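Have the viewer open as you read.

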Amino acid sequence: MIQQIGIITGVDAEAAALFPGQSKDAEPLHGFLVRQVQFAGKNIAITCSGIGKVNAAMAAMMLAEHYNVQMLLVVGTAGKLSDIDGDCFQITEAVQGDYGASRHDHFAHYSAGAWPIGEEHIEPFRAMATPDIGLPKVRIITGDCFVESSDHGRRLHQALGGDIIDMETAAVAQAAARMNLPWAAIKATTDNADGSSSGDFQSNLKRGAKRAAEAAERMISLIGG
């Protein structure tokens with residue numbers, strides 16, 4: 001039975017939207033602040049990792065090692081790469097969009113951690129089966145680049161089949177795979193990964209963070225053994 005859950009967000013507003021008013025005190029650990037709450041019979045450790053794949057993977061390791069979490073959950077915001085309906089999504093698969101080989105005519109994508117030579121091949125990280133909370137289910141692309149180009153976003157969508165993009169999820173998924181831990185993710189979209197992304201992200205961050213947090217709380221309340 002899952003009773004210990006670790007939640008990772010990329011920015012503070014996403015973490016603050018989770019379980020507002022509960023356990024405001026946070027303890028520092030290895031440069032992270034961790035807030036612990038109890039909800040639906042589960043102990044939950046929440047941390048804002050900071051933006052990017054290295055930060056997210058480090059946070060995943062920290063939560064596993066020091067809080068003995070039984071699953072990792074990424075919650076927050078993302079950019080939209082396709083015209084899929086909806087503004088909040090349940091993640092089923094994650095791939096890294098900036099791992100591979102830069103070749104003379106294109107960027108060759110490979111599974112994260114694989115030898116980036118030879119025939120291209122992507123094996124996504126697959127999320128754990130979680131209760132259906134009525135959200136569209138998508139593959140997410142993760143990279144250390146905030147996308148402000150519709151051309152780049154379109155290329156990633158066509159190459160990797162992801163409908164949304166962020167900077168943390170696939171890194172947490174990779175760390176979870178190394179630690180043999182299940183993972184899941186909920187992401188609300190703030191922008192369309194285009195020339196307006198920077199302003200749209202700032203304008204829609206709090207709304208998106210709240211939307212994702214509420215969905216995550218519904219999911220957690222239904223997760224059993």
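Asp 87 is partly exposed at 29% relative accessible area (buried is under 20%, exposed over 50%, partly exposed in between, using a 1.4 Å probe and protein chains only). Keep in mind that this is a predicted model, where local features need pLDDT of at least 70, side-chain atom pairs count only at pLDDT 80 or more, and totals for chains, interfaces and linings use all residues. Numbering runs from 1 along each chain as its sequence is written, and side-chain values use heavy atoms, with hydrogens and water left out.

**Salt bridges**
- The count comes to 11 salt bridges, each a side-chain nitrogen of Lys or Arg within 4 Å of a carboxyl oxygen of Asp or Glu.
- Asp 87 pairs with Arg 211 at 3.2 Å, N to O; they sit 124 residues apart, with Arg 211 in helix 5 (residues 197-222) and Asp 87 in the loop between strand 5 and strand 6.
- Helices (H or I, at least four residues) and strands (E, at least two) are DSSP runs, numbered from the N terminus.
- Glu 93 meets Arg 126 at 3.4 Å, N to O, and Glu 93 is buried at 17%.
- Shared partners tie Glu 93, Glu 123, Arg 126 and Arg 139 into one network.
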